[in-house]
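Subject: Structure for you to look at

Hello,

Here is the structure I said I would pass on. Please open it beside this email and follow along.

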Amino acid sequence: MENRQWMIDEILRMKKEKNAVILAHNYQIPEIQDIADFVGDSLGLSQVAGKTEADVIVFCGVHFMAETASIISPNKKVLIPDLEAGCSLASSITGEQVAEWKKQHPDAVVVSYINTTADVKAQSDYCVTSSNAVKVVEAIPADKKILFLPDKFLGSYAKTVTGRDMEIWDGACHVHEKIGNLELDKAKEKHPKAEILIHPECGCSTSCMVKSLQFGGDEDIKIFSTEGMINHVENSESDEFLIATEVGILHRMKKANPTKEFHPASEESVCEYMKMITLENLYSALKEEQYEVKVPEELAERAKLPIQRMLEIV
Ligand code: SF4
């Protein structure tokens with residue numbers, strides 16, 4: 001424990017010395033969330049990365065998120081504590097595959113979920129997050145065909161809600177596979193008083209968004225962005241919630257609402273890539289200034305465009 005405290009103190013000391021900022025995704029382990037300067041979703045953290053005065057950004061999340069921070073803040077040194085922290089959804093399509101798909105549909109507009117590599121973003125017209133996908137799709141001229149990638153669940157959700165002509169890439173997040181059989185009605189039976197909140201920021205919960213359509217008018221099931229969910233939990237009269245997303249976000253909720261009760265919709269909903277970031281490798285990242293994630297300038301310029309287009313719409 002003493003050693004742990006020493007490590008925490010050293011991280012804080014080096015952070016100050018190097019003018020670094022620590023950003024942590026909601027799915028990080030509690031120890032990392034507690035030491036971070038900002039905790040949030042991938043888009044929120046990228047926006048912080050774009051505004052920070054720090055020289056070094058230590059991104060406690062997965063690789064494509066650190067890449068996005070580098071695209072938005074090309075002059076900062078972006079570090080990720082473990083280079084192996086990937087994303088099964090982002091890996092489900094490459095830039096070459098998008099180029100090939102575009103050749104088959106030359107007039108289509110390419111809409112990419114933010115969980116993609118810089119190569120894929122560079123081939124895209126728009127980026128979306130799960131909370132703004134419908135809005136972005138609706139902003140595209142109605143006569144245009146849309147190629148949606150890589151998340152088939154978010155794609156199906158956007159297609160059903162908007163009724164647009166859409167081809168959808170067959171990609172999914174492996175965490176979803178673990179909560180794939182989640183039946184919200186059964187979960188409701190187990191926790192009859194709980195409000196069911198679906199947090200759609202990461203691919204693991206987009207399957208639940210599709211399922212939520214089956215519950216059309218059910219007022220107990222709500223889809224929120226991170227901040228929307230945190231605000232809702234604080235202001236809601238309910239004191240029990242069932243959360244359908246990666247379990248890491250429960251830490252932030254419990255911390256902000258110690259008197260309320262939170263249940264994960266599935267204990268299995270754990271992203272092992274997110275859990276690769278530890279206090280130990282965060283310490284090494286700051287000490288050795290490793291591992292730098294740098295998107296080459298020309299690629300970053302192209303990858304930035306679809307992100308900017310999204311931000312102009314939402
Ligand atoms: S939860 Fe799924 S979509 Fe999110 S980082 Fe992990 S593998 Fe990727």
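Predicted model: local features only at pLDDT ≥ 70, side-chain atom pairs only at ≥ 80, totals over all residues.

Domains

The protein is divided into three domains. Domain 1 is made of two stretches, 2-87 and 274-295, while domain 2 covers 90-172 and domain 3 covers 175-264. The C-alpha centres of domain 1 and domain 2 are 28 Å apart. Nine residues from domain 1 and eight residues from domain 2 take part in the contact between them. On the domain 1 side, α3 (42-51) and α4 (63-72) are the elements that give two or more residues. The largest share, four residues, comes from α4. Sorted by class, that side of domain 1 has five nonpolar, three polar and one charged residues.

β1 (residues 20-25) pairs with β2 in the parallel sense over three bridges, and Ala 24 stands opposite Val 39 in β2.

Another open sheet of four strands has the order β6-β5-β7-β8, and its pairing is parallel. Here the edges are β6 (126-128) and β8 (166-168); each has a single partner strand, so one side of each is left without a neighbour in the sheet. Neighbouring strands of this sheet are turned by 25° against each other on average, direction ignored. Three bridges join β7 (residues 146-149) to β8, and the two run parallel. Ile 146 stands opposite Met 166 in β8. Helix α15 (residues 297-313) packs on the sheet, where it touches β5 (109-113) and β6. The direction of α15 makes about 65° with that of β6.

The core

Which residues touch the most other members of the largest nonpolar core? They are Leu 23, Ile 57, Val 58, Phe 59, Cys 60, Val 111 and Val 128, out of 87 residues in that core. α4 gives the most to this core, with six residues. Leaving aside neighbours within four places in sequence, Val 111 has contacts that include Tyr 126, Val 128, Ile 146 and Phe 148.

Regards

Key: Residues numbered from 1 in each chain as written. Domains from an automatic or database assignment. Contact = placed C-beta atoms within 7 Å. Nonpolar A, V, L, I, M, F, W, Y, C, P; charged D, E, K, R; others polar. Pairing = 2+ DSSP bridges. Axes fitted to C-alpha atoms, helices over the stretch in contact; angles between N-to-C directions. Core = buried A, V, L, I, M, F, W, Y, C linked by C-beta atoms within 7 Å. Buried ≥ 20, exposed ≤ 12 C-beta atoms within 10 Å, placed from the backbone.
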